[in-house]
Amino acid sequence: MKETVLRGEALYKTYGANEVEVNALQDASFEIHSGEFIVVLGPSGSGKSTLLNLLGGMDHPTKGRLWYRDKELTDYSDTQLSDYRKDVVGFIFQFFNLIPSLTAEENVALAASIVPNPMSPGEVMAMVGLKGRGHHFPSQLSGGEQQRVSIARAIVKNPGLLLCDEPTGALDSKNSVAVVKLLLEVRKRLGCPVVTITHNAGMAQVADRVFHMRDGRIERIEVNTSPVSAEEMVW
Ligand code: ADP
Ligand code: MG
């Protein structure tokens, strides 16, 4: 049985007020299950980041309800939401956002140090293919390597879900494929859902389901009956 990890019910997010109101997200309802690889596709401004930020507890919906497992996030206090972001959510961004004055492994160890059940930073560095590179500073690593460090930083927490906002947006195609491969491995290894925003429709080939967004709405949820491996993906 697939467990439901995230459930949204008629979620709305409105920015501004009156004549300058922006409906960034409208009437979004969905379930996301353990081990699922979800790709969120849509033009710029269609509400992808807004949706991801709600899932990650980085923002509050204007209306609607959202659950993580049996916990209703929309009932959470600021402190509970802070713990949710810190302990449960692994977040990966387009521009890596590593701390430049800490080595790769120190970036990962810092994330491990603030959560109750971390994995071993050294083990996670090996898992992302950076064994022996831990002592390098971010500026000494390529973009692809920096993104692997940021993936290590997200997974060392042993997260309950992994959220990625354009994780390949700053990478060439070779590094993009490597990142997708790693995200698929992480999903398999941790069993958590991975939700990834992308501009590259190629990533839909590896997804279990694709959320197509348009004008703040999840216009269509496409089920991929035969997801391919990262190696078979045409980028
Ligand atoms: P996407 O990630 O698909 O490019 P976003 O979710 O970032 O889209 O944005 C959806 C819409 O909401 C856009 O029109 C954007 O300008 C608007 N928006 C996003 N964040 C804010 C904000 N903090 N204040 C005002 N408008 C915002
Ligand atoms: Mg965005």
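Biologist: What makes up the secondary structure of the chain?
Modeller: The chain holds 6 helices and 10 strands. Helices (H or I, at least four residues) and strands (E, at least two) are DSSP runs, numbered from the N terminus. This is a predicted model, in which local features need pLDDT of at least 70 and side-chain atom pairs count only at pLDDT 80 or more, while totals for chains, interfaces and linings use all residues. Residues are numbered from 1 along each chain as its sequence is written, chains are lettered from A and ligands numbered from 1 in the order in which they are written, and side-chain values use heavy atoms, with hydrogens and water left out.

Biologist: Why are strand 4 and strand 5 called a pair?
Modeller: Two strands pair if DSSP finds at least two bridges between them. Strand 4 (residues 63-68) and strand 5 are joined by 2 bridges and run antiparallel, so the pair meets the definition. Within this pairing, Trp67 lies opposite Glu72 of strand 5.

Biologist: Which strand order does the open sheet have, and which strands stand at its edges?
Modeller: The open sheet has 4 strands in the order 2-1-4-5, with antiparallel pairing. Strand 2 (22-33) and strand 5 (71-72) each have a single partner strand, so one side of each lacks a neighbour in the sheet. Helix 1 (residues 48-55) packs on the sheet and touches strand 1 (4-15), strand 2 and strand 4; contact means heavy atoms within 4.5 Å. The direction of helix 1 makes about 55° with that of strand 2, where axes are lines fitted to C-alpha atoms, for helices over the stretch in contact, and angles run from 0 to 180 degrees between N-to-C directions.

Biologist: How do you know that the chain agrees with a compact globule?
Modeller: The radius of gyration is taken over C-alpha atoms, and the globule rule is 2.2 Å times the number of residues to the power 0.38. For 235 residues a compact globule would have a value near 18 Å; the chain has 17 Å, which agrees. Its C-alpha atoms fill a box of roughly 50 × 40 × 40 Å along the principal axes. Of the contacts with a separation of 6 or more, 72% involve residues 24 or more positions apart.

Biologist: Why is Asp87 called partly exposed?
Modeller: Buried means under 20% relative accessible area, exposed over 50%, and partly exposed in between (1.4 Å probe, protein chains only). Asp87 has 22%, so the residue is partly exposed. Lys86, at 27%, is therefore also partly exposed. Across the chain, buried residues make up 50% of the 235.

Biologist: What makes the contact of Asp87 and Lys86 a salt bridge?
Modeller: A salt bridge requires a side-chain nitrogen of Lys or Arg within 4 Å of a carboxyl oxygen of Asp or Glu. The whole structure has 12 salt bridges.

Biologist: How do you know that the salt bridge of Glu123 and Arg189 links distant parts of the chain?
Modeller: The two side chains meet at 3.2 Å, N to O. Glu123 belongs to helix 4 (residues 121-127) and Arg189 to helix 6 (residues 173-190), 66 residues apart. Glu123 is partly exposed at 43%, as is Arg189 at 47%.

Biologist: Where do Lys181 and Glu185 lie?
Modeller: Both lie in helix 6, 4 residues apart, about one turn of the helix. Salt bridges with shared partners join Lys181, Glu185 and Glu231 into one network. The side chains of Lys181 and Glu185 meet at 3.4 Å, N to O.
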